[in-house]
Amino acid sequence: MKFLKRLSIMAAALLLSFATVVPAVHAASPEVNSELVHKGELTIGTEGTFKPYSYRKNGKLTGFEVELGRAVAKKMGLKANFVPTKWDSLLAGVNSGKFDVIMDGVCITKDRQQHYAFSKVYDNSPFVLIQKKNGNLTSLKQIKGKKIVAGVGTTNAAVIHKWGGKLVQDDGNFATHLNLVKQGRGEATLTDEQGWKAYTANHQTKGLKAVDVSKDEDSDRIAAAFNKKDSALRKSFNKALDELRKDGTLAKISKKYFGRDMTK
């Protein structure tokens, strides 16, 4: 009996010591929960059509920002819930209370900073001009007065305006933009290097070429967009992002989808 009693005491001590070394499950603070669309859930707005950031593979949503969003939410003690939405109403949704955050290759611009708050930058992407093989555009200085295709309200459209190009607005996806160039309805389309590389890996791009124009325009600084009033939520998101950067997860996800670390 004494032996059994000692064994029970030892087992209890072992369990107690184990409990002290196993970290408690991190949960979101009341301040963060009060700013969420749904308590305990991080509602993330994304297009789901922009490879490699967020897209569908075998019917399932995947991509750099999808995997990153899930990792950040887990660190925050929340469940990630992605809500696919068309670009033209995506950003407005975060200010109308439809989403907690937008993760969709959103670039930080001065204009957007007037309306939204941004997380720390987690991706840097240089610009490229996609044109026909016989095209002679080698810089953004040369697009003045020329028809260049881009999505409505995108950073690409803003850059085209900045350099004097005639914007051919199109609400379609990247494949549609390329078709407009092939058809001669636009002399080129402007996009980011990662998006172009991801597209060429799985699609036929015969007759087209990409020209790096990063010498003319700084790389896109991509981050998550928040409603300005949700300061506790953004602070928690940034803390989680810092932890993922420190433990190497952020770089690992970047290499998986971009082939190199684009997060520095």
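This is a predicted model: local features need pLDDT of at least 70, side-chain atom pairs count only at pLDDT 80 or more; totals for chains, interfaces and linings use all residues.
Helices here are DSSP runs of H or I with at least four residues, numbered from the N terminus. With that in place, helix H6 gives the lining of the second largest pocket its largest share, 4 residues.

Staying with the second largest pocket, its space comes to about 510 Å³. It is lined by 21 residues, and those closest to its centre are Ile-108, Thr-109, Lys-110, Thr-155 and Ala-158. At least two lining residues come from each of helix H5 (110-113), H6 and S13. Sorted by class, the lining holds 8 charged, 7 nonpolar and 6 polar residues.

Now the largest pocket. The space in it is about 810 Å³. Of its 37 lining residues, Glu-47, Phe-50, Gly-172, Asn-173 and Phe-174 are the closest to the centre. Which elements supply at least two residues each to this lining? They are helix H6 (155-162), helix H7 (174-182), strand S11 (188-192), helix H8 (193-200) and strand S13 (220-222). S11 provides the largest share, 4 residues. The class count for this lining is 15 polar, 12 nonpolar and 10 charged.

On to the record. An unreviewed UniProt entry annotates residues 41-261 as "domain: Solute-binding protein family 3/N-terminal". In the model, that stretch is 33% helix and 24% strand, with its end C-alpha atoms 29 Å apart.

Next, helix H3, residues 64-76. Its 13 residues reach 18 Å from the first C-alpha to the last, close to the 18 Å expected at 1.5 Å a residue. Which residues of H3 are buried? Phe-64, Glu-65, Val-66, Leu-68, Gly-69, Ala-71, Val-72, Ala-73 and Met-76 are, and Glu-65 is the one I would point to on the screen. After H3 comes Gly-77, with a positive phi near 80 degrees.

Phe-50 has already come up, as one of the residues closest to the centre of the largest pocket.

Over the whole structure, the search gives 8 aromatic pairs. One of them is Phe-226 with Phe-237, edge-to-face, at 5.2 Å centre to centre and 80 degrees between the planes. This pair links distant parts of the chain, 11 residues apart: Phe-226 sits in strand S14 (residues 225-226) and Phe-237 in helix H9 (residues 231-246). Are these two residues buried or exposed? Both Phe-226 and Phe-237 are buried.

Last, the backbone. Most peptide bonds are trans, and most residues other than glycine have a negative phi. Two places depart from that. The bond between Lys-51 and Pro-52 is cis, with omega about 10 degrees. Pro-52 is in the loop from strand S1 (41-46) to strand S2 (55-57). The other place is Asn-58, which is not a glycine but has a positive phi of about 55 degrees. Asn-58 lies in the loop between S2 and strand S3 (60-62). Why does Asn-58 count as exposed? Because its relative accessibility is 77%, and exposed means over 50%.

Note on methods
Residues are numbered from 1 along each chain as its sequence is written. Side-chain values use heavy atoms; hydrogens and water are left out. Rings of Phe, Tyr and Trp (its six-membered ring) pair if their centres lie within 6.5 Å; planes under 30 degrees apart count as stacked, over 60 as edge-to-face and the rest as tilted. Buried means under 20% relative accessible area, exposed over 50%, partly exposed in between (1.4 Å probe, protein chains only). UniProt positions are given in the numbering used here, feature names are shortened, and annotations may be inferred rather than shown by experiment. On a 1 Å grid over the protein atoms alone, a cavity is a set of points where a 1.4 Å probe fits but cannot get out, and a pocket is an open set with protein on both sides within 12 Å along at least five of seven lines; lining residues have an atom within 4 Å of a point. Grid points are joined across faces, edges and corners, and a volume is the space filled by probe spheres set on the points. Ala, Val, Leu, Ile, Met, Phe, Trp, Tyr, Cys and Pro count as nonpolar, Asp, Glu, Lys and Arg as charged, and the others, Gly among them, as polar. The expected span of a helix is 1.5 Å times one less than its number of residues.
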